[in-house]
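These are my notebook entries on one structure, set down in the order in which I looked things up. Each entry is brief and defines its terms where they are needed.

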Amino acid sequence: MQIRFVLNEQMVIVSGNGSGTLLDFIRYEAHLKGTKIGCREGDCGACTVLVGTLHDEKVLYKSLTSCLTPLANVHGKHVVTVEGVNINGLNKVQESIVTHSGTQCGFCTPGFVMSLTGFALNGTDSDLNAAIGAMDGNICRCTGYKSLERAAQSVLNDIHSIDDTNRTNSLIKAQFIPEYFSTIAEELATIEPLSVVSEAIIVAGGTDVYVKSHDDVSEMSLQFLSAKPTYDHIAISDGQCILKPNTTVSELMVCKHVLDAIPGWYQYLKLVSSTPIRNIATIAGNLVNASPIGDLTIILLALNSKITMTDTHQNQRTIWLKDFYKGYKTLDKTEDEIITEISFRQPESHTLFNFEKVSKRTHLDIASVNTAIAIETRDMLILSAGCSVGGVGPIPLYLRETSKFLAGRKINVETIHLAEQVLQKEINPISDARGQKDYKRLLARQLFFSHFITLFPSLINLEDLI
Amino acid sequence: MINIDAQNHVKGKSIYLDDIPEVNGTLHCLPFYAETAHAHITGIDLQDAKQLPGIKTVLLAGDIPGENQIGSIIPDEPLFAAHEIHYWGQPIGLIIGISEQVCRRARKLIKVSYDELPVITCPREAQKQNQLIIPPRKFTLGNVAQAWEACTHIIEGSTDINGQEHLYIETQGAYAWPKEDGSLYVASSTQGPTAVQRAIAAVLNLPMHKIEVNVVRLGGGFGGKEDQATMWAVMAALAARHLNKPVKISLHRMDDMCMTGKRHPYTADFKIGLTDNLKIMAYEVTHFQNAGASADLSTSVLERTLFHSTNAYYIPNVEATAWCCKTNLPPNTAFRGFGGPQGKFVIEAAIVKAAEKIGISPDDIQKANLVTDGNEFPYGQIVQDARAKQSWQECTSIYNLDRVKQEVEAFNLANKSYKKGYAVQPVCFGISFTNTMMNHARALVHIYQDGSVVVSTGAVEMGQGVNTKMLQIVHDIFGINTEKIRIESTNTLRIANTSPTAASAGADLNGKALEMACNTLRKRLTEVAQRHFDANEVAFRDGNIFSSDKSQQISWEKLVIMAFQQRVALSEHAHYVTPVIHYDKSKEKGHPFAYHVYGAAILQVTVDCLKGTYQFDSVRIVHDSGNSMNLTVDNGQIEGGLVQGIGWMTLEEVVYSKQGKLISNALSTYKVPDIYAVPKEIDIRHLDTIGPDLAIKKSKAVGEPPLMYGLGAYFAIRKAVKAFNPYAELTIDAPYTPEKVLMDLYKKH
Ligand SMILES: Cc1cc2nc3c(=O)[nH]c(=O)nc-3n(C[C@H](O)[C@H](O)[C@H](O)COP(=O)(O)OP(=O)(O)OC[C@H]3O[C@@H](n4cnc5c(N)ncnc54)[C@H](O)[C@@H]3O)c2cc1C
Ligand code: FES
Ligand code: FES
């Protein structure tokens with residue numbers, strides 16, 4: 001396989017299986033040592049780089065963790081490391097961090113520079129929360145982050161003058177990025193797509209595969225879904241929301257079709273991993289990974305989703321997601337089946353939906369318990385309910401009995417209490433790194449209560465429930 | 001002045017250990033380690049590993065030419081376990097190959113068999129079984145036994161404090177290459193270059209002068225690279241010497257977490273007695289320190305726990321005992337605060353328990369007992385220049401503690417599902433290595449013929465800004481542009497016999513030595529200028545030297561070349577020793593600290609009583625920095641230290657299994673604060689005071705003290721939990737994770 005991409009200013013061509021990490025390539029092949037290694041697990045952000053994709057003659061940039069990114073996934077793209085944003089003197093982001101003393105030992109710093117530069121390049125949101133959000137994947141052990149918040153504010157002030165019609169040029173003029181960015185689109189246009197290999201382990205974003213198989217992955221034969229570029233977008237058809245296998249969490253997070261009906265959607269998905277991980281992690285990967293606490297899995301279970309799988313002979317079948325999980329990490333799926341579609345009924349304004357997740361650290365952490373609910377009501381009466389909960393058993397659990405129990409009942413404290421008793425019978429948590437089993441039971445109760453307190457604030461409050 | 005490294009940091013141009021360009025033919029090494037916590041080794045099968053293409057060799061204890069020993073205070077720590085395993089993660093041998101990856105593959109092929117032995121992870125259990133690193137130590141003041149009678153309130157209890165992973169973002173590493181004559185150059189990411197040099201010399205059976213250790217900078221240390229950077233450098237050096245090839249080691253995060261020690265967990269019993277008017281009359285405390293499997297720095301850490309057992313309070317009758325307990329965990333080690341924070345946590349816990357029992361607010365007790373000049377610390381030092389009351393008063397008035405209390409109360413009355421809590425956290429922290437012998441430093445300054453200056457000291461830069469402070473010193477004495485001054489790496493050939501950069505004392509000790517060297521050089525240059533001007537007094541300013549009447553001037557460069565032509569020595573090496581301090585261990589009395597740093601903070605938190613999660617609303621600090629020579633750098637230390645302290649008290653949970661295996665072994669299971677976990681507001685004010693002469697430029701040391709403001713995080717959360725669940729009996733067991741908070745919120749009484 002020949003992988004081509006533009007690394008900072010230079011076109012590079014790499015022959016090989018494409019399964020080595022982008023991080024190792026940057027540091028040990030291209031000898032660009034500005035990108036650091038802190039964990040190789042996507043959890044520290046020291047390795048953050050920007051990757052630009054050509055879209056309608058424009059290059060759209062996003063931050064990602066290079067330690068979990070297969071080289072093949074950047075084929076045809078622009079990879080930007082800290083060296084690639086250096087100009088004469090300091091660029092605006094660098095200057096802000098220096099001025100506000102957002103760097104001490106400096107080891108995390110290139111990662112922060114890249115995250116904030118990614119924020120500047122994106123230009124979709126421009127408030128302080130969004131700027132801080134851009135750094136949600138970066139850990140700093142020295143500064144205590146306040147100086148970085150101040151730096152983010154100062155970056156924001158500089159961004160306000162950026163003209164969105166030609167953002168790249170405007171950013172070049174404002175000394176955010178070097179001049180060569182203006183010619184990248186043309187260069188990327190010359191790169192042909194990768195040809196697809198089959199009969200190999202499937203990799204989408206790689207955020208699970210590369211954590212799990214860290215030592216061996218560079219020698220494994222992998223099938224990169226990124227090589228099938230038509231695969232990524234979200235469509236609406238017949239009232240169904242249809243996700244393609246390459247749909248990332250970031251894409252789903254801003255999906256208008258869902259956001260319109262579920263106002264909290266963006267905030268819910270913001271609880272999933274971090275910006276650079278969400279930018280590459282796919283929904284399908286989350287489902288197949290089958291973690292009992294997969295956030296997207298829990299959300300899609302409550303939305304009563306279906307998945308369509310296609311095998312190598314192009315045989316297709318569609319099943320309910322809740323029937324997909326057979327036991328701990330065992331799936332109703334053959335090895336050669338690929339999820340080619342995920343669908344759920346497009347939520348409407350009368351669908352009430354809530355997602356709760358509690359983890360030790362609110363952001364960039366795996367849930368101790370997470371749970372979602374989708375409810376249809378008429379006047380105080382529950383017409384139907386779909387409730388799921390994670391972290392309380394070997395599989396991401398669709399609460400069949402609890403959901404059934406709720407249907408047809410009035411929304412009141414008694415219903416919730418009785419339903420909670422059903423829930424406790426359906427779950428079976430164990431003690432592990434995410435908490436003791438008693439805690440998980442208590443937390444499951446609390447979060448179940450929270451669904452109703454949140455969705456029916458005028459009817460239900462905490463005091464009545466406990 | 002902003003940290004002088006900042007520009008290179010943001011451009012990605014600063015060079016850390018793993019960034020050093022590799023010499024052709026560089027090999028990589030990787031230790032393999034015990035996967036059990038206590039056992040006899042019955043067999044090691046290296047055959048498959050050795051046969052893997054790319055593997056050069058695998059070294060074991062028997063391949064060590066010198067001593068198989070790296071213990072720095074007590075020789076109880078082998079480099080490689082030969083017969084017996086004492087902790088999960090203890091190195092058994094070293095794999096050397098052409099890449100890190102091939103070494104990792106080889107490691108999976110090594111089979112070690114064991115005869116398992118019983119595992120102890122709890123310090124109380126170790127103490128019961130007489131598993132001690134050293135005999136217990138005891139500090140006494142007054143007479144506790146007699147004092148109880150005078151007390152109206154006597155409260156007893158116990159508390160647990162967990163450890164803390166350093167989580168420097170740059171993992172441990174070293175790079176060694178052979179020079180001629182069997183000597184070695186070793187680049188190390190260490191806070192203690194001399195410790196590394198000494199250990200390599202002993203293990204390789206070489207004189208120290210054959211080992212050059214160089215440290216450019218660290219990507220974070222926090223104490224975790226004070227003693228525990230040594231092992232990796234020794235491994236790289238051993239491999240380099242064995243194969244006569246450059247050898248590098250750079251630990252994977254999970255190896256780093258598994259194999260290195262952490263902040264010491266403690267468990268303690270306390271008894272505190274107060275009078276009617278809330279004076280603490282007596283305090284009895286027994287600390288059980290979880291030292292891990294060997295001494296490392298535990299005995300010194302233990303000592304500082306005792307030194308800080310009464311925090312910022314004067315207590316006339318104290319009996320503080322500390323046990324250094326040997327367990328089957330990785331040897332625990334230095335971590336910002338060095339045992340002090342644990343000592344303070346227990347007294348704060350005792351005060352909070354007392355306040356809860358008496359039915360008052362803990363700050364009523366705290367305020368009534370702050371140290372003042374003339375008081376005696378339990379270790380015999382008399383309090384001088386106390387700033388405890390002043391810090392408290394300014395903190396509680398500027399930030400209006402009364403209003404904070406009212407607001408919290410009003411909020412808690414009005415809300416059921418959220419509760420607020422607050423705590424005031426005073427800090428008093430002694431500055432100096434408690435081991436008096438270590439309080440010395442050296443600096444070497446060369447002025448070159450072109451007027452440029454290069455400086456070497458024993459201080460290691462790890463983000464704390466010590467190099468920036470060194471630069472300021474030279475700038476102020478020579479009056480030259482900072483661009484003319486270069487602060488060089490820390491190197492054992494240039495500066496010998498260094499103490500590690502630790503105990504917050506790096507800038508004081510090395511800065512004082514540097515001041516001496518620069519003053520000597522300036523004196524020599526002054527004489528040249530005096531002759532040149534034929535004037536008695538001269539001034540160094542803005543790159544020029546002026547005669548006192550300003551009628552004559554000469555540029556720095558011209559004066560330097562003139563001095564050079566007159567054969568004046570343009571180099572100086574100075575040696576500084578902290579005066580005044582002394583300590584007698586046989587009596588446990590003396591004057592161990594050059595001075596103390598004080599401060600006070602008010603922390604406020606909101607707890608979500610439905611979910612057990614929390615968010616800190618604000619932390620407001622009044623800090624005693626003396627005459628800070630660099631407020632930018634110092635404020636960075638305060639914010640960073642505070643957040644690290646809050647992390648330790650809240651999210652950061654080191655978990656070992658009963659078998660001694662680290663469960664929180666990656667960043668995915670060990671959570672340090674991220675940008676959302678920090679207080680919404682951090683406000684810092686500085687006391688307007690004059691700093692002590694023993695502080696460099698009267699600017700007090702700042703590295704460790706601010707971490708201890710974080711202790712208040714625990715008690716602020718507890719206050720909020722109590723507002724929700726006032727009657728349940730709650731333990732004091734740090735950290736207060738969301739799990740423990742939820743369990744406490746709903747604990748039955
Ligand atoms: C730092 C970090 C934080 C994280 N935080 C969270 C979190 O907060 N919540 C959460 O839920 N998860 C989290 N994860 C897990 C992970 O990001 C998600 O599970 C992600 O959605 C997986 O998608 P991916 O594209 O990266 O999967 P990959 O690693 O590419 O693949 C995962 C698995 O799915 C298979 N696969 C992928 N696509 C398909 C397909 N179309 N058809 C069939 N099989 C397929 C692969 O073969 C593999 O077995 C985190 C991961 C990391 C590294
Ligand atoms: S190295 Fe930590 S996120 Fe990549
Ligand atoms: S500056 Fe040291 S980790 Fe951020």
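**Entry 1: two domains of chain B.** I looked up the contact between domain 1 and domain 2 of chain B and found 17 residues of domain 1 of chain B touching 21 residues of domain 2 of chain B. I count two residues as in contact if their C-beta atoms, placed from the backbone, lie within 7 Å. By class, the side that domain 1 of chain B turns to domain 2 of chain B holds 6 nonpolar, 7 polar and 4 charged residues. Here Ala, Val, Leu, Ile, Met, Phe, Trp, Tyr, Cys and Pro count as nonpolar, Asp, Glu, Lys and Arg as charged, and the others, Gly among them, as polar.

**Entry 2: what I am reading.** The model is predicted: local features need pLDDT of at least 70 and side-chain atom pairs count only at pLDDT 80 or more, while totals for chains, interfaces and linings use all residues. Residues are numbered from 1 along each chain as its sequence is written, and chains are lettered from A and ligands numbered from 1 in the order in which they are written.

**Entry 3: domain bounds.** I noted that chain B is divided into domain 1 (26-118 + 172-250), domain 2 (266-434 + 585-745) and domain 3 (440-577). Such bounds come from an automatic or database domain assignment. The C-alpha centres of domain 1 and domain 2 of chain B are 37 Å apart. For chain A the assignment gives domain 1 (2-84 + 184-227), domain 2 (87-177) and domain 3 (232-465). In chain A, 30 Å separate the C-alpha centres of domain 1 and domain 3.

**Entry 4: domain 1 against domain 3 in chain A.** I found 18 residues of domain 1 of chain A in contact with 16 residues of domain 3 of chain A. Strand 4 (residues 58-65) of chain A gives the most to the domain 1 side, with 4 residues. Helices (H or I, at least four residues) and strands (E, at least two) are DSSP runs, numbered from the N terminus. That side divides into 4 nonpolar, 11 polar and 3 charged residues.

**Entry 5: ligand 1.** Which residues come nearest to ligand 1? Of the 33 residues around ligand 1, I listed Ala204(A), Gly205(A), Ser273(A), Gly285(A) and Asn286(A) as nearest. A residue is near a molecule if its C-beta atom, placed from the backbone, lies within 6 Å of it. Helix 13 of chain A gives the most to this shell, with 5 residues. By class the shell has 19 nonpolar, 10 polar and 4 charged residues. Ligand 1 lies between domain 1 and domain 3 of chain A, because both give residues to its shell.

**Entry 6: chain A against chain B.** The contact takes 59 residues from chain A and 60 residues from chain B. On the chain A side the largest share, 6 residues, comes from helix 17 of chain A. That side has 28 nonpolar, 18 polar and 13 charged residues.

**Entry 7: the nonpolar core.** I looked up the largest nonpolar core, which has 385 residues; Cys29(B), Val186(B) and Ala236(B) have the most contacts inside it. A nonpolar core is a set of buried Ala, Val, Leu, Ile, Met, Phe, Trp, Tyr and Cys residues joined through C-beta atoms within 7 Å. A residue is buried if 20 or more other C-beta atoms lie within 10 Å of its own, exposed if 12 or fewer, and partly exposed in between, with C-beta atoms placed from the backbone. Leaving out residues up to four places away in sequence, Ala236(B) touches several residues, including Cys29(B), Val186(B) and Ile249(B).

**Entry 8: helix 10 of chain B.** I checked the 19 residues of helix 10 (residues 340-358) of chain B, which at 1.5 Å a residue should span 27 Å; the end C-alpha atoms are 27 Å apart, which agrees. The expected span is 1.5 Å times one less than the number of residues. Of those 19 residues, 16 are buried, and helix 10 of chain B is thus mostly covered. Just after helix 10 of chain B, Gly359(B) has a positive phi of about 90°.

**Entry 9: backbone details.** Asp56(A) has a positive phi near 45° although it is not glycine. Asp56(A) is exposed, with 6 other C-beta atoms within 10 Å. I also recorded a cis peptide bond from Ala734(B) to Pro735(B), with omega near 5°. Pro735(B) sits in the loop between strand 30 (732-734) and helix 19 (738-745) of chain B.
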